[in-house]
Amino acid sequence: QVQLVESGGGLVQAGGSLRLSCAASGRTISSYAVGWFRQAPGKEREFVARISWSGGSTYYADSVKGRFTISRDNAKNVVYLQMNSLKPEDTAVYYCAGSLRRDYTYDVWGQGTQVTVSS
């Protein structure tokens, strides 16, 4: 079973950028399609973006489309989420998750990394 560990979160001003990383151990991340999710205080967890096993297919929530980019480097066993033009409403704990299945049902989750965007 793979373990996923997120990093790269922090405090940034509105309009700034962060790059989150999702690193895998225990199994190669290429075995998994990977999604990013986020959960803000008092809100339900929401989908942000996902990427297919090879990286050839990506999909984004409307709220981040054009600002966030998901990518993967299977050789380095890492999936990234580049976040540009950040807004205060992007503040949340960000989680990556891995799916072994074509329906993108997620089997394994990381512990999360905090992103805070100040206005």
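Biologist: Which residue does Asp62 meet in a salt bridge?
Modeller: Asp62 meets Lys65, side chain to side chain, at 3.1 Å from N to O. Keep in mind that this is a predicted model.
Biologist: And Asp62, buried or exposed?
Modeller: Asp62 counts as exposed, with 66% relative accessibility.
Biologist: How many salt bridges does a search of the whole structure find?
Modeller: Five. Another of them pairs the side chains of Arg67 and Asp90, at 2.7 Å from N to O. That pair links distant parts of the chain, 23 residues apart: Arg67 is in the loop between β6 (58–60) and β7, while Asp90 is in the loop between β8 and β9 (92–99).
Biologist: Are Arg67 and Asp90 buried or exposed?
Modeller: Both Arg67 and Asp90 are buried.
Biologist: OK, what about Glu46, what does its side chain meet?
Modeller: The side chain of Arg38, in a salt bridge of 2.5 Å, N to O. Glu46 is partly exposed, at 34% relative accessible area, whereas Arg38 is buried, at 6%.
Biologist: Which residues are linked in a network of salt bridges?
Modeller: Arg38, Glu46, Arg67 and Asp90.
Biologist: Switching topic. What's the strand order in the open sheet?
Modeller: β1-β3-β8-β7, four strands with antiparallel pairing.
Biologist: Which strands stand at the edges?
Modeller: β1 (3–7) and β7 (68–73). Each has a single partner strand, so one side of each is left without a neighbour in the sheet. On average, neighbouring strands here are turned by 15° against each other, ignoring direction.
Biologist: What actually holds strands together in a sheet?
Modeller: In general, strands pair through backbone hydrogen bonds, in either a parallel or an antiparallel way.
Biologist: Then how many bridges do β7 and β8 pair over?
Modeller: Six, in the antiparallel sense, with β8 covering residues 78–83. Along that pairing, Phe68 is opposite Met83 and Thr69 is opposite Gln82.
Biologist: What happens in the hairpin between them?
Modeller: The hairpin of β7 and β8 has four residues between the strands, and Asn77 takes a positive phi near 65° there.
Biologist: What joins β3 to β8?
Modeller: Six bridges, with β3 (residues 18–25) and β8 running antiparallel. Leu20 stands opposite Leu81 of β8.
Biologist: How many of the six residues of β8 are buried?
Modeller: Five, so β8 is largely enclosed by the rest of the structure.
Biologist: Which backbone nitrogens lie by polar atoms of the Glu6 side chain, then?
Modeller: The backbone nitrogen of Cys96 lies 2.8 Å from a polar atom of that side chain, and the backbone nitrogen of Gln111 lies 3.0 Å from one.
Biologist: What else does Glu6 touch?
Modeller: Leaving out residues up to four places away in sequence, the residues Glu6 touches include Ser21, Cys22, Trp36, Tyr94, Tyr95 and Thr113.

Key. Residues are numbered from 1 along each chain as its sequence is written. This is a predicted model: local features need pLDDT of at least 70, side-chain atom pairs count only at pLDDT 80 or more; totals for chains, interfaces and linings use all residues. Side-chain values use heavy atoms; hydrogens and water are left out. Two strands pair if DSSP finds at least two bridges between them. Helices (H or I, at least four residues) and strands (E, at least two) are DSSP runs, numbered from the N terminus. Axes are lines fitted to C-alpha atoms, for helices over the stretch in contact, and angles run from 0 to 180 degrees between N-to-C directions. A polar contact is a pair of N or O atoms within 3.5 Å; within protein, one must be able to donate a hydrogen and the other to accept it, and residues adjacent in sequence count only if both atoms are side-chain atoms. Contact means heavy atoms within 4.5 Å. A salt bridge is a side-chain nitrogen of Lys or Arg within 4 Å of a carboxyl oxygen of Asp or Glu. Buried means under 20% relative accessible area, exposed over 50%, partly exposed in between (1.4 Å probe, protein chains only).
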